[in-house]
Amino acid sequence: MIVRSGGNKRRKPLGERLVESGQITAQQLRFALQEQSRTGRLLGEILIANNFTSESAIASMVTMQAGDSYDDLTDIEVPREVLQLLPETFIRKRHVLPLWTDNESIRVAMVDTFDVEAIDDVARVTNRDVVVVGCPRSAFLDLVRRLFDSAEARSSRFEGAVKNAARSISDLAEGDQTAIITLVNEIITRGVLMGATDIHIQPEEAVVHIRYRVDGVMREGDTIPKEVQAAVESRLKVMARLDISEKRIPQDGRIEQQIEGRCIDLRISTVPALAGENIVLRLLDRAKVAVRLEELGLTPAHRQMFREAVSRPHGLILMTGPTGSGKTTTLYSGLMEINALERNVMTLEDPVEYRMSVIRQTQVNAKAGYTFATGLRALLRQDPDVILVGEMRDPETSDLAIRASMTGHLVLSTLHTNDASSALPRLIDMGVAPYLLPSTLIAVVAQRLVRRPCKHCMRPYTPAVEEFESFSREPHEGNFVTVEGCNRCYGTGYSGQLPLVEFLNMNQEVGELVMARASAADIYQAAMASGMRDLRMDGYEKAVQGLTTLAEVQRVAERRLAVRTGHAPERNKG
């Protein structure tokens, strides 16, 4: 028997219900229906992919339409005896998870609450009435991974794969590479489950180290025997269609892999090293959806500044920071503030990180001669209103971007500098005429990523006097936290990231300094006098709110003020 938590309701189409509830506009629905007719994809899938609404909003609406309750599965614990009521294979395949039970009924979370066959199977297997709770797919998968993919289970699987691979080396001449394939798949899968952005395969004299970059920090993984190294290298090269016989020069390639129901793009880079080839895999999740500006972690003031910047009809907005600092993510959040159904938005990227059908996206191909410069020239002939250029790498691209912003286009791009003020002299060094910048540049936004405290092991914390002094502050009250580490955060104490931001608006004083070819230090001082908050200040305020830790801010945001001005900063009383 199925027990519904609500009464029967007249079923309106999902799109109509979302429009009525204010989740999407009628224009967005028309576009999504056209895409559905063209591609055959699910309506909800299209709405989420184009960031018209969120997955949780879709799941909640579908659940209410079925007459069920809804749960986002936040902070939920499932007793082991309840989890064992359904087979793991059934839970993963049918997306049904038992949450609670008594002698008569069982409460299950389901991604698709209309899957009556799965509900009937639960009732038959458990011999209980079934109470259905809807949930988002991503939250369901995350919870299932946490419940079934413990660190111990992962380590056991990995150790088994390594042993099988080592045993099979003698059989490789006979063509039996099954164990090597399994081992390589396990290395990649572990990276995906950990949320890694990069997997490093680093050979030493005696062993090969596997390391993962998670939340911007390198994390030690496992080691594999030296005798397996060559087979692993060859397998990865075969997957990426590289030359397996060439070990003297660097090679770059690409792999597409289905992992845990997700399509993952892997960019592979090999470099010859003393103990063998060093291999790095960059992981890009095709299903990754750009986050909304409200979800990034910006302060209300910075959100407002960014909204005002992207609402301008023309001009240039620059994001600066090192590789992996979230520049592209922030720029895409800005694009989401633009009505792409009324304006022609185009991107030129390397690679495309977020896929949005409503935005025309192109990817550079240097081998084919399609560079940022040639691509930008082509895009300007496509009648764009807004252009996102992945990176201003050379003088030609920079000049084209500046001139595009002068001719009625809004241009968003990235530049590799340490802070916002350094971007202006950098552009001039790249050949941009100083007199063009005050009239075309809207803002420069520098960014770094700090880790968020794990909500399961963080605790309140009172900083020492010395910690306040390191930020030139007097001791004061706040929601400071520190972390301990637990099994949910792999013992690191952190889970997820948020940005520290330095927002430099172009104003008259900054413009005059640019025209005079002033130094980055002078521009920095003028911007600070105009109200800019540097990365360290933004980080400190987020630590006061408990959004990160002082230790994280110290790690990421260097203490630069004394170096720039030549004197120690005055102490701020908070």
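Visitor: Which residues does Leu-412 touch, leaving out those up to four places away in sequence?
Guide: Contact means heavy atoms within 4.5 Å. Leaving out residues up to four places away in sequence, Leu-412 touches Val-310, Ile-317, Leu-331, Leu-335, Val-386, Ile-387, Leu-388 and Val-389.

Visitor: What kind of model is this?
Guide: Residues are numbered from 1 along each chain as its sequence is written, and side-chain values use heavy atoms, without hydrogens and water. Local features need pLDDT of at least 70, side-chain atom pairs count only at pLDDT 80 or more, and totals for chains, interfaces and linings use all residues, as the model is predicted.

Visitor: How many residues has the largest nonpolar core?
Guide: A nonpolar core joins buried (under 20% relative accessible area, 1.4 Å probe, protein chains only) Ala, Val, Leu, Ile, Met, Phe, Trp, Tyr and Cys residues through side-chain atoms within 4.5 Å. Leu-47, Phe-306, Leu-335 and Leu-412 have the most contacts inside the largest one, and its residues number 43.

Visitor: Is the aromatic pair of Phe-471 and Tyr-540 stacked, edge-to-face or tilted?
Guide: Rings of Phe, Tyr and Trp (its six-membered ring) pair if their centres lie within 6.5 Å; planes under 30 degrees apart are stacked, over 60 edge-to-face, the rest tilted. Here the centres are 5.1 Å apart, with 45° between the planes, and the pair is tilted.

Visitor: Which residue lies over the face of Phe-471?
Guide: A charge sits over a ring if NZ of Lys or CZ of Arg is within 6 Å of the ring centre and within 35 degrees of the ring normal. Phe-471 is buried. At 4.2 Å from its ring centre lies Arg-536.

Methods:
Buried means under 20% relative accessible area, exposed over 50%, partly exposed in between (1.4 Å probe, protein chains only).
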